[in-house]
Amino acid sequence: MRIAVTGSIATDHLMTFPGRFADQLVADQLHTVSLSFLVDNLDVRRGGVAANVCFGMGLLGTGPILVGAAGSDFDEYRAWLDRHGVDTGSVRISEVLHTARFVCTTDADHNQIGSFYTGAMSEARLIELKAVADRVGGLDLVSIGADDPEAMLRHTEECRSRGIPFAADFSQQIARMDGEEIRILLDGATYLFSNEYEKGLIESKTGWTDEEILAKVGHRVTTLGARGVRIERAGEETIEVGCPEEETKADPTGVGDAFRAGFLSGLAWGVGLERAAQVGCMLATLVIETVGTQEYTLRRAHFMDRFTKAYGHDAAAEVRTHLA
């Protein structure tokens, strides 16, 4: 099963200021702030929702096709993804813009000042999925994640016109989208991904009820944080899957992307919705135990031991044949 994942490709530049931002602010001078903070640490991490999802799928051996736009500074990041089983042949490289970048400084009170540079991501709207499909011999599913809004609309319309099944996954972009855009992006989706808060926001912005949305999509996949995930289908029994026990909680960033990576990999294996959700929850647990969205490792024996403990021997036997 050939799955393309569209969405952002970015790097995160994370800095730590040992003091407090509040101590540097003068109440009657906030209209003319000019500050520079001497920071102690700088962590540069790979990110972007599409790249995060593809990284997890690559670890699971399902050969995802990354579709997005990056800059000429993408070479090292591309090599990293290639080494971890990701097909990067459909990434558009901008001739003038850098790869998208998030720059953030955190103070001693965990307050943050950050900026997001979209950069080359704005050129994702120029990517045609037909060219991707022709290169790889066809597409069975396209996951349309947070990206340049025009790119998300173009990819959705192209999937509809070419009859390619697609998953709608607005993620961070839902805050800037209006109801009409959301209605366009989800109508006819085979899968609609969101967390519990985004689920309510989608209903509020579209004006559609939960039942009306279920009538317009094949499956509604809602992540529930520590409670796992719920999968709903019109006229079918709801599937609920819990999370494996965590060994530690280091960093929640990228957990949703890891769930999607595991779920989509399960679909590629053909193991069924419940089993796919279990794989997603197991991979998400590995990410929450690691600082960074692509810093975790997948040791197959360890993965299967924990998967068996969480979901039982029958479930593990079904997954093991694909993971080995």
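**Ground rules.** The model is predicted, so I take local features only at pLDDT of at least 70 and side-chain atom pairs only at pLDDT 80 or more, while totals for chains, interfaces and linings use all residues. I number residues from 1 along each chain as its sequence is written, and side-chain values use heavy atoms, with hydrogens and water left out.

**Cysteines.** I searched the whole structure for disulfides (pairs of cysteine sulfur atoms within 2.5 Å) and found 0. Cysteine 281 is buried at 3%, and cysteine 104 is buried with a relative accessible area of 3%.

**Strand β12.** I take helices (H or I, at least four residues) and strands (E, at least two) as DSSP runs, numbered from the N terminus.

Which strands pair with β12? I count a pair if DSSP finds at least two bridges between the strands. β11 (residues 191-195) runs parallel to β12, with 5 bridges, and leucine 192 stands opposite arginine 220. β13 (residues 229-232) is antiparallel to β12, with 4 bridges, and valine 221 stands opposite isoleucine 231. β12 and β13 form a hairpin with 5 residues between them. In its turn, glycine 225 has a positive phi of about 65°.

**Cores.** A nonpolar core is a set of buried Ala, Val, Leu, Ile, Met, Phe, Trp, Tyr and Cys residues joined through side-chain atoms within 4.5 Å. The largest has 56 residues, and Phe263, Phe303 and Phe307 have the most contacts inside it. Helix α9 (residues 273-288) gives the most to this core, 10 residues. Another core, of 32 residues, lies apart from it and includes Ala4 and Leu139.

**Helix pair.** Helix α4 (residues 149-162) packs on α5 (residues 179-186) at an angle of about 35°, with axes 9 Å apart. The axes are lines fitted to C-alpha atoms over the stretch in contact, and angles run from 0 to 180 degrees between N-to-C directions. Contact means heavy atoms within 4.5 Å. Among the residues that meet are Met152 and Leu153 in α4 and Ile184 and Leu185 in α5.

Definitions and conventions
Buried means under 20% relative accessible area, exposed over 50%, partly exposed in between (1.4 Å probe, protein chains only).
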